[in-house]
Amino acid sequence: MADDADRAQVINDQFQQDMIRRAVSASSRRAPADQGTTYCVDCEEEIPLSRQVAMPGAKRCVDCQQMHENWRAL
Ligand SMILES: [Zn+2]
């Protein structure tokens, strides 16, 4: 039997996913050309929704972005 903490966790997860979905669809409606891409330009892996929301202009996945930044820092 689920206790209150479990129920709160489930509700919180659903809320977050809903917010992410709304934020992504809102930003893709606004400016599709300048809002980054769904797929990483380097490795062509799908960029996680949470990253697209956190970094709306992101064109790389986290791994490739880190490599890109380290490369420039050298
Ligand atoms: Zn990548």
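Why does Arg-22 count as exposed? Because Arg-22 has 11 C-beta neighbours inside 10 Å, and a residue is called exposed at 12 or fewer other C-beta atoms within 10 Å of its own, buried at 20 or more, and partly exposed in between, with the C-beta atoms placed from the backbone.

Okay, before I go on, some housekeeping. What you have up there is a predicted model, where local features need pLDDT of at least 70, side-chain atom pairs count only at pLDDT 80 or more, and totals for chains, interfaces and linings use all residues. Residue numbers start from 1 along each chain as its sequence is written.

On confidence: pLDDT is the predictor's confidence in each residue, on a scale from 0 to 100. The chain averages 84, and 84% of the residues score at least 70. Going element by element, helix α1, residues 4-30, has the lowest mean pLDDT at 83, while helix α2, residues 49-54, has the highest at 90.

So, the overall picture. We have 3 helices and 0 strands, and the pattern along the sequence reads α-α-α. Those assignments are DSSP runs numbered from the N terminus: H or I with at least four residues for helices, E with at least two for strands. Of the 74 residues in the chain, 8% are buried. As for contacts, meaning two residues whose backbone-placed C-beta atoms lie within 7 Å, take those with a separation of 6 or more: 22% of them join residues 24 or more positions apart.

Back to Arg-22, then. Arg-22 sits in helix α1, and its C-alpha is 9.7 Å from that of Val-53, which is 31 residues away in sequence.

Next, the loop between α1 and α2. Glu-44 lies there, and its phi is one to look at on your screen: near 65 degrees, a positive value in a residue other than glycine. Glu-44 is exposed, because 10 other C-beta atoms lie within 10 Å. Glu-46 is in that loop between α1 and α2 too, and it also counts as exposed, with 12 C-beta neighbours inside 10 Å. Which residues does Glu-46 contact, leaving aside neighbours within four places in sequence? Thr-38 and Tyr-39. There is also Arg-60, 14 residues apart from Glu-46 along the chain, with 9.0 Å between the two C-alpha atoms.

Now helix α3, residues 62-73. How far does α3 reach from its first C-alpha to its last? The answer is 16 Å for 12 residues, close to the 16 Å expected at 1.5 Å a residue; that expected span is 1.5 Å times one less than the number of residues. The helix is hardly covered, with 0 buried among its 12 residues.

Two residues of α3 to click on. Skipping anything up to four places away in sequence, Cys-64 touches Cys-40, Asp-42 and Cys-43. For the Cys-64 and Cys-40 pair, 24 residues apart along the chain, the C-alpha atoms are separated by 7.9 Å.

The other pick is His-68, also in helix α3. Buried, exposed or partly exposed? Partly exposed, since His-68 has 14 C-beta neighbours inside 10 Å. Asp-42 comes up here as well: its C-alpha is 9.4 Å from that of His-68, and the two are 26 residues apart along the chain.

That's my tour, thanks.
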